Amino acid sequence: MRSLLSKSTITCLALVLPIAAFADLKGTINLNNGIALNLDTGATASTGGDILWNGANMTVQGSATALNLGAGGISTFNTIVANSSTISGLPFTKNPITSTANSVFAVKTNGGNLGIVLIGTIGLGSISIQYDTIGTSTGGGPSITQVLNN
């Protein structure tokens, strides 16, 4: 019976963990001038990342590319997040994104994921954004570190 329970547990984990591994990473953050955001991890830094707020525009970093989806606010953001496969074949570029409140843009991250970004408010030297990176997570869920066979 113990062997059967162990096999059942492993089977259950094998089915559930891949679902958690492909969850979206979502967040809302304020970026100061010169700060970059890694859309795959949610981490900020003065170098690296996928996008950087330069005080006037969002610029892509490293091998990341972006696609300006225009104005539309939260409804456009939510629609694109729900239907992200519809934009994956469009032409992403290294061009800076002109930052205006309620505009939406997509980013193919340095990690190969698709991030959707909504620009909120723009203040003196800072910008607030909401983002949803499809198919990535920070690994906050359970993880298997070893499997023992008794």
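Below is a short chat about the fold, the cores and a few residues of this model.

User: Before we start, what kind of model is this, and what pLDDT do local features need?

Analyst: Residues are numbered from 1 along each chain as its sequence is written, and side-chain values use heavy atoms, with hydrogens and water left out. This is a predicted model in which totals for chains, interfaces and linings use all residues, side-chain atom pairs count only at pLDDT 80 or more, and local features need pLDDT of at least 70.

User: What is the strand order in the open sheet of 5 strands?

Analyst: Two strands pair if DSSP finds at least two bridges between them. The pairing in this open sheet is antiparallel, and the order is S1-S10-S9-S8-S6. Each edge strand pairs on one side only, and these are strand S6 (65-71) and strand S1 (25-32).

User: How many bridges join S1 to S10?

Analyst: Strand S10 covers residues 126-134 and runs antiparallel to S1. As one landmark, Leu25 stands opposite Thr133 in S10. The number of bridges joining S1 to S10 is 8.

User: And what angle does helix H2 make with S9?

Analyst: Helix H2 (residues 73-82) packs on the sheet, touching S6, S8, S9 and S10. Contact here means heavy atoms within 4.5 Å. Axes are lines fitted to C-alpha atoms, for helices over the stretch in contact, and angles run from 0 to 180 degrees between N-to-C directions. With that convention, the direction of H2 makes about 170° with that of S9.

User: Which residues touch the most other members of the largest nonpolar core?

Analyst: A nonpolar core is a set of buried Ala, Val, Leu, Ile, Met, Phe, Trp, Tyr and Cys residues joined through side-chain atoms within 4.5 Å. The largest one has 18 residues, and S10 gives the largest share, 3 residues. Its most connected members are Ile51, Met58, Phe105 and Ile129.

User: Is Thr59 buried or exposed?

Analyst: Thr59 sits in strand S5 (residues 57-60), with Asp50, Ile51, Leu52, Asn54 and Pro96 as contacts, not counting residues up to four places away in sequence. Buried means under 20% relative accessible area, exposed over 50%, partly exposed in between (1.4 Å probe, protein chains only). Because its relative accessible area is 17%, Thr59 is buried.

User: Which side chain does the side chain of Thr59 make a polar contact with?

Analyst: A polar contact is a pair of N or O atoms within 3.5 Å; within protein, one must be able to donate a hydrogen and the other to accept it, and residues adjacent in sequence count only if both atoms are side-chain atoms. At 3.1 Å, the partner of Thr59 is the side chain of Gln61.

User: What backbone nitrogen does the side chain of Ser99 reach?

Analyst: Ser99 lies in the loop between strand S7 (97-98) and strand S8 (103-108). With a relative accessible area of 10%, Ser99 is buried. Its side chain reaches, at 3.4 Å, the backbone nitrogen of Met58.

User: Last one: which side chain does Asn113 pair with in a polar contact?

Analyst: Asn113 is in the loop between S8 and S9. Beyond four places in sequence, Asn113 is in contact with residues including Val107, Lys108 and Thr133. The polar contact, at 2.9 Å, is with the side chain of Asp40.

Key
Helices (H or I, at least four residues) and strands (E, at least two) are DSSP runs, numbered from the N terminus.
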